[in-house]
2 protein chains.
Amino acid sequence: MLTDQQILRIPGPTPIPPSVNRAMSQPMIGHRGQSTSDMISDIRPKLKRVFGTEQEVMILTGSGTSGLETAAVNTVAPGEEAVVIVTGSFGERFAKICEAYDIKTHIIEVTWGEALKPLAVKEFLQEHPEVKAVFSTYCETSTGVLNPIPELAAAIKEVSDALLIVDGVSCIGGVETKMDEWGLDVVVTGSQKAFMLPAGLAFIAASERAWKKIEDNPRPRFYLDLKKHRDNIVKDTTPFTPAISLLFGLQQVLQLMEEEGLEEVYARHRLMMEMTRSAFNALGISLLTSDEDASPTVTAVEPADFDSPVFRKIMKREFGMDIAGGQQHMAKTIFRIGHMGYCSPADMLQAIAAMEIGIVKAGKEIELGKGVRAAQEIYLNEGKR
Amino acid sequence: MLTDQQILRIPGPTPIPPSVNRAMSQPMIGHRGQSTSDMISDIRPKLKRVFGTEQEVMILTGSGTSGLETAAVNTVAPGEEAVVIVTGSFGERFAKICEAYDIKTHIIEVTWGEALKPLAVKEFLQEHPEVKAVFSTYCETSTGVLNPIPELAAAIKEVSDALLIVDGVSCIGGVETKMDEWGLDVVVTGSQKAFMLPAGLAFIAASERAWKKIEDNPRPRFYLDLKKHRDNIVKDTTPFTPAISLLFGLQQVLQLMEEEGLEEVYARHRLMMEMTRSAFNALGISLLTSDEDASPTVTAVEPADFDSPVFRKIMKREFGMDIAGGQQHMAKTIFRIGHMGYCSPADMLQAIAAMEIGIVKAGKEIELGKGVRAAQEIYLNEGKR
């Protein structure tokens, strides 16, 4: 096999565009110098457009979890009540953070593979008027579900003043996000998914309503204190030493997104989702999520008559292609294909054609080329819309 | 379209493996220091294995043409006779070099798309006993023909003492080459094809017989004087300043070839050729060359009912995929797909699936997925051999 070829088709980290790798290899600069301020000044408006907000998007040096923790510790005071909607493994992470910080945490469990139901959340809030914050996941990476966040926001507002906090780690940058228009209060994402960067940065924005709560919140915090971050970013700087290489990369990522056009970026992600789903439908292999609940960034497949771990090993051995397994109780029953960030329809054609071979080698009889054909038809029809 | 994605499927230059790019970005070192000597010492035996020779393989800083010129000026004295077998555009290059250097040049023309006939060359040499050298092309990049070099060498030896000089630019490193066993006298290649490097290095080896001629040849030469190169490389150095970055890359390329195993490298190239050819056969689209004459490194396609330049533009626009056109009188009638060097069966599945879309968009009706299926079947059968 061709050595030194790795085809990364997992739902993060995702491949890095060559120009971003080049940007990240620039020589170090002082993080208190003018060059860094100029870079942050260039980044700020572009990052706001990706979040769909007029608010500042703050840049933390930390992984996605640091962003989730930042959301929790800044918006909820000790002893207050919050509800966490758990649709999979990453919803559970939010619950653990809340529990670690003396937050009275209610959990709304949703069956893995299904999206949350806004009506159920609304009813829960009517029964629990003391809840101050709702924690939700936009794309649940562990199942490939895109939760209906705009509908959730609208449902909550009908009955409650609770803040809506959204983990957008595995989709923002690949899926349309209109924070202000939808009325989201805190939105968080990380750098290693649709943002096409290595892990190491978290991005977080808060609504005016959320800022009031953040300012009044007596909870002790320092590195993750959003007020410190906001007071600095408005002056094009950071409260603590930033990961300069990742900022170089972020600047180039945002440049690439603007070159392609955000609408085009989102359309490309939907197209890749549809190509992938139509391929497995054509091959008669079950998808974990319904069309309605599916995320444009990751697809979970639940094979009935071949072994997912065996299939994944074959893909790695034959093609150097990384396909993700499931998590927790789904570790061995599903596999997940990432199609976000630096990933194109041509990459999906490759993944589908190679997976057909992997499926045959894993022991399932299929009509070769049938999944590819379905994906090609989706691609060709897309142009006619 | 995803910006910053370029899928290079032309017959050179070819994509650079990531580890080779990393190797080439090492800091400069002095070319007369121990580190450079150590590097050349590591490179020499590995380069000999790729050429299939016990002779030294010399490393010139120059493009492939400098290697071809080196072959001509070192082995043929002014006024001597030589024959150039022209099977395409790169055979013509050899003829032009010979003519520039006062060599009485005979030309054996072969129809583009066909391989040379050893018997015809043998008969020509019987009629022209004064010919001192035969110039041939191993893979004719302009048509995707792999000429039968071992058979040519055997045929020449039956009737002549002429040296056999072989341009291996677009195949050595991807196709088995047994210089000593086959009795080749001079073998030349460049760095930007199956060697997976940027252009800038030429590699050249000579047989004992050729060395005698080189030593006795009174023709003036300096930079391209092979004696100077040999006298230096045996001491792990070079007569002139070498392109250090490319040597860093070459060292890593040879390491990758050894890791994969040369036999595996050659088998991978044959497999990619068979996948590509079977795909176009399944789609009912003509190939320029016969199965027997086809090169494992490049495939030329001659479409009858869609326009090649239009198709190539579509591939670039839709997928950022570069497919080469033809050369000279075939510029607009054929297209050529490179499958050498840093290129895998998964890359060919991608190219074929994407080209099916390009063919449809260029106006030809085909059964989508049929070419992919044929290539997948070749891949699956390969494992059973």
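Two strands count as paired if DSSP finds at least two bridges between them. By that rule, strand 12 (residues 321–325) and strand 13 (residues 335–338) of chain A form an antiparallel pair over 2 bridges, and Ala324(A) stands opposite Arg336(A) in strand 13 of chain A. The model described here is predicted. Chain A can be superposed on chain B by a rotation of 180°.

**How the two chains meet**

- In the contact between the chains, 34 residues of chain A touch 33 residues of chain B.
- Four elements of chain A each give two or more residues to this side: helix 1 (18–24), helix 10 (244–260), helix 13 (345–361) and helix 14 (370–382).
- Helix 13 of chain A gives the most, with 8 residues.
- Sorted by class, the side of chain A that touches chain B has 19 nonpolar, 7 polar and 8 charged residues.
- Of the interface residues of chain A, 97% are also interface residues in chain B, so the copies meet through the same surface.

**Symmetry**

- The rotation of 180° that superposes chain A on chain B has 0.0 Å of shift along its axis, and the RMSD is 0.0 Å.
- This is the relation of a two-fold axis.
- Gln350(A) has the C-alpha nearest the axis in chain A, 2.1 Å from it.

**The sheet of 7 strands in chain A**

- This sheet is open, its pairing is mixed, and its strand order is 2-10-9-8-5-3-4.
- Strand 2 (57–61) and strand 4 (104–109) of chain A are the edge strands, each pairing on one side only.
- On average, neighbouring strands in this sheet are turned by 20° against each other, direction ignored.
- Within the sheet, strand 9 (residues 186–190) and strand 10 (residues 201–206) of chain A run antiparallel and are joined by 5 bridges.
- Gly190(A) has Ala202(A) of strand 10 of chain A opposite.
- Helix 4 (residues 89–100) of chain A packs on the sheet and touches strand 3 (81–86), strand 4, strand 5 (131–137) and strand 8 (163–167) of chain A.
- The direction of helix 4 of chain A makes about 160° with that of strand 3 of chain A.
- Helix 5 (residues 118–127) of chain A also packs on the sheet, where it touches strand 3, strand 4 and strand 5 of chain A.
- The direction of helix 5 of chain A makes about 150° with that of strand 4 of chain A.

**The sheet of 4 strands in chain A**

- This sheet is open as well, with mixed pairing and the order 1-12-13-11.
- Its edge strands are strand 1 (7–9) and strand 11 (298–301) of chain A, and each pairs on one side only.
- Here neighbouring strands are turned by 30° against each other on average, direction ignored.

**Helix 11 and helix 13 of chain A**

- The axes of helix 11 (residues 262–283) and helix 13 of chain A lie 9 Å apart, and the helices pack at an angle of about 20°.
- Angles under 35 degrees count as roughly parallel, and helix 11 and helix 13 of chain A are therefore roughly parallel to each other.
- Helix 11 of chain A passes helix 13 of chain A in a right-handed crossing.
- Leu271(A), Met272(A), Met275(A), Thr276(A) and Ala279(A) of helix 11 meet Pro345(A), Met348(A) and Ile352(A) of helix 13.
- By class, this contact has 7 nonpolar residues, 1 polar residue and no charged residues.

**Helix 3 and helix 4 of chain B**

- The axes of helix 3 (residues 64–75) and helix 4 (residues 89–100) of chain B come within 10 Å and cross at roughly 50°.
- That makes helix 3 of chain B oblique to helix 4 of chain B.
- The crossing of helix 3 of chain B with helix 4 of chain B is right-handed.
- Thr65(B), Leu68(B), Glu69(B) and Ala72(B) of helix 3 meet Arg93(B), Phe94(B), Ile97(B) and Cys98(B) of helix 4.
- The classes in this contact are 5 nonpolar, 1 polar and 2 charged residues.

**Backbone details**

- Most residues other than glycine have a negative phi, and most peptide bonds are trans.
- The peptide bond from Gly12(A) to Pro13(A) is cis, with omega near -5°.
- Pro13(A) sits in the loop between strand 1 and helix 1 of chain A.
- In chain B, the peptide bond from Gly12(B) to Pro13(B) is cis, with omega near 0°.
- Asp4(A), in the segment before strand 1 of chain A, has a positive phi, near 70°.

Methods. Residues numbered from 1 in each chain as written. Chains lettered and ligands numbered in written order. Predicted model: local features only at pLDDT ≥ 70, side-chain atom pairs only at ≥ 80, totals over all residues. Axes fitted to C-alpha atoms, helices over the stretch in contact; angles between N-to-C directions. Parallel < 35°, antiparallel > 145°, perpendicular 65-115°, else oblique. Left-handed = near helix turned anticlockwise from the far one by under 90°. Contact = placed C-beta atoms within 7 Å. Nonpolar A, V, L, I, M, F, W, Y, C, P; charged D, E, K, R; others polar. Least-squares fit on C-alpha atoms with pLDDT ≥ 70 in both.
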